[in-house]
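Thank you for making the time this morning.

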Amino acid sequence: MMRLAILSVATFTLTAPMALAEGDWIVGIIVDGDQSPYVEGMDSVDVLPYIAFETERFHIGIDGISYEAFDNGSLSIDARLDPRFAPDLPNTTLFDGLDRDDAIDAGLSANYSFGQTYAAVRVKGDVTGVYDGFAGELAIGYETVLGPLLIDASAGVQLRDANLNNYLYGVSTEEAADGRPAFKLSNTANAFAEVTVLMPVADDMFVLGGIGYADLGEAADSPLVADDSRLGITLGLGYQF
């Protein structure tokens, strides 16, 4: 879900310079618009609460748990546990009998900053045995300040192994049915881009907006999929104390 990743990044961007040793709470509300890639899937708008607690190195919230294991000013390395919510499959005949469960991913992320530009590498995999796969991300980003706005734009490649791809978009031989042929994906690398804009509106409060695009690549050929890309838009309000 793009909404959680965007809010996590945005709150960290706002609070990192003033994080206290004893930690800070971040609470907020987010409005998320998500384009369903699935056949007869409904585009959705959800309103969700957000809560997290973080110190200079540690973060825990509904978006996951992370610990900054290393930071020398240019290079930072984090260990993470992230929820992976099951895909929102439409309640139609085409998807009858397709069951997908929530999972938890564990992984590492590394960011190297050179000026306002950064390079990021992220790798994580399922530790719950739900889909037994992994995902990765290679990105280049740019952060800047434009008046009261904090802007973070990034683009790169999302990597998914065959198990994760088939958890999201595949049809196994056992799941095949009339009108739903078996479909298996292999490992893929697909382009993505994201822009997040954050604006402080008080000493401890901020609003944010984000938009993300991801190419589905070979997954667009799945009998479950109607589109060749996904688009998500997020708006949020946060308070740090």
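This is a predicted model: local features need pLDDT of at least 70, side-chain atom pairs count only at pLDDT 80 or more; totals for chains, interfaces and linings use all residues.

**A walk through the model**

Let me begin with Glu54, which is buried, with a relative accessible area of 3%, where buried means under 20% relative accessible area, exposed means over 50%, and partly exposed is in between, with a 1.4 Å probe and protein chains only. Residues are numbered from 1 along each chain as its sequence is written, and side-chain values use heavy atoms, with hydrogens and water left out.

Glu54 sits in strand β2; helices (H or I, at least four residues) and strands (E, at least two) are DSSP runs, numbered from the N terminus. Ser66 belongs to strand β4, residues 64-71, and at 8% relative accessibility Ser66 is buried. Beyond residues up to four places away in sequence, Ser66 touches Arg57, Phe58, His59, Ala79 and Arg80, contact meaning heavy atoms within 4.5 Å.

Next, the strands around Leu159. Leu159 is in strand β9, residues 149-160, and counts as partly exposed because its relative accessibility is 30%. Strand β8, residues 134-146, pairs with β9 in the antiparallel sense over twelve bridges, and two strands are said to pair if DSSP finds at least two bridges between them. Within that pairing, Gly136 stands opposite Leu159, and when neighbours within four places in sequence are left aside, Leu159 is in contact with Phe134, Ala135, Gly136, Thr188 and Ala189. The hairpin of β8 and β9 has two residues between the strands, and there Gly147 takes a positive phi near 65°. β9 also pairs with strand β10, residues 188-202, again antiparallel, over eleven bridges, and Ile151 has Val197 in β10 as its bridge partner.

What about backbone angles in the loops? Most residues other than glycine have a negative phi. Glu40, in the loop between β1 and β2, is not a glycine and yet has a positive phi of about 60°; Glu40 is exposed, at 58% relative accessibility. Asp132, in the loop between β7 (117-126) and β8, likewise is not a glycine and has a positive phi of about 55°, and Asp132 is exposed as well, with a relative accessible area of 52%.

The largest nonpolar core has 19 residues, of which Tyr38, Phe95, Leu164, Tyr169 and Leu224 touch the most other members; a nonpolar core is a set of buried Ala, Val, Leu, Ile, Met, Phe, Trp, Tyr and Cys residues joined through side-chain atoms within 4.5 Å. Helix α2, residues 162-169, gives the most to this core, with four residues. Apart from it lies another core, of six residues, among them Ile26, Ala52, Leu198 and Leu208.

Finally, the surface. Which residues make the nonpolar surface patch? Ile29, Val31, Val45, Val47, Val201, Leu235 and Leu237 form this patch of about 600 Å². β1 (24-34), β2 (44-54) and β12 (229-240) each supply at least two of its residues, and Leu235 lies in β12.

Note on methods. Patches are made of residues with over 30% relative accessible area and no salt bridge: like charges are joined within 9 Å, nonpolar side chains (Val, Leu, Ile, Met, Phe, Trp, Tyr) within 5 Å. Accessible areas come from the Shrake-Rupley method with a 1.4 Å probe; for residues, only the protein chains shown count as cover. A salt bridge is a side-chain nitrogen of Lys or Arg within 4 Å of a carboxyl oxygen of Asp or Glu.
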